[in-house]
Structures are given as C-alpha cells and as structure tokens.
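User: I would like to learn how to read helix packing and pockets. Can you take me through an example?

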Amino acid sequence: MTTLLLLTVSNVFMTIAWYWHLKGEALGKPILAVILISWGIALVEYCFAVPANRIGFVAGWTPGQLKIAQEAIALSVFGIFMVAFLGEPLHWRHLAAFACIMGAVGFLFAAK
C-alpha cells in the first residue's frame, strides 16, 4: 500500500512537471524557464518514486510489476489532469487504453 501511495504522489508531480506549461500564461514563458521549473518539480517527484520502488522491491514486487503499476497510476493521474486542468474531454478511446493497461497489470500480477 505504501508503494502505491508513493507512486501516486510521484506521478502527480511528474504529470505537473511535464504538462503544466501547456495552458495559460505559462505558454508565454521562455522554454529555458519552463525546463528549469519542470526540473524542480521533477526533483520532488524523484523523492517519492525512488523510495516507492525500493519499498516495493524489498516487499517482493518484481521490477516489471513496479513499472506496470507505475504506468497504470500514471495513466489514471494523467486522465484526471487532462480533464480537470487541460480541459480535454474524456473519450471512449481513453477508457479503452486504460482497460488495456489494466489488462497488462493483471497479467504481471497473476499468480505464476
């Protein structure tokens, strides 16, 4: 549970770091400023992602399971960000892509 919570927090920061500048007054900022601000936000993301992966690995998760869980969380976080912040409508294709990722999660977490 700690791993999933830390991965979720890290993905919130990474989504912001990658996409915050696509809307509003940030579009007028020089690209170097955007890069430096994004690096600062990503540093916070790493402070959550690294412990999440270490804790998960020590708890018995495989690297593949950690990665696919991170991808599923990233898609969920981005979906919310896309709709709430960027104003992009949710389409059936988004839900289909999410279902495919959840299928991949199921395959990696299924009993061997």
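Analyst: We start with a helix pair and then turn to a pocket. This is a predicted model, where local features need pLDDT of at least 70, side-chain atom pairs count only at pLDDT 80 or more, and totals for chains, interfaces and linings use all residues. Residues are numbered from 1 along each chain as its sequence is written, and side-chain values use heavy atoms, leaving out hydrogens and water.

User: At what angle do α1 and α3 pack?

Analyst: Helices are DSSP runs of H or I, at least four residues, numbered from the N terminus. Axes are lines fitted to C-alpha atoms over the stretch in contact, and angles run from 0 to 180 degrees between N-to-C directions. Here α1 (residues 2–19) and α3 (residues 63–84) pack at about 50°, with axes 9 Å apart. That makes α1 oblique to α3; under 35 degrees is roughly parallel, over 145 roughly antiparallel, 65 to 115 roughly perpendicular, and the rest oblique.

User: Which residues make the contact?

Analyst: Contact means heavy atoms within 4.5 Å. Among them are L4, L7 and N11 of α1, and A69, Q70 and I73 of α3.

User: How is the largest pocket lined?

Analyst: A pocket is an open set of points on a 1 Å grid where a 1.4 Å probe fits, with protein on both sides within 12 Å along at least five of seven lines; lining residues have an atom within 4 Å of a point. This one is lined by 13 residues, with N11, T15, W18, Q70 and A74 nearest its centre. α1 and α3 each supply at least two residues of that lining.
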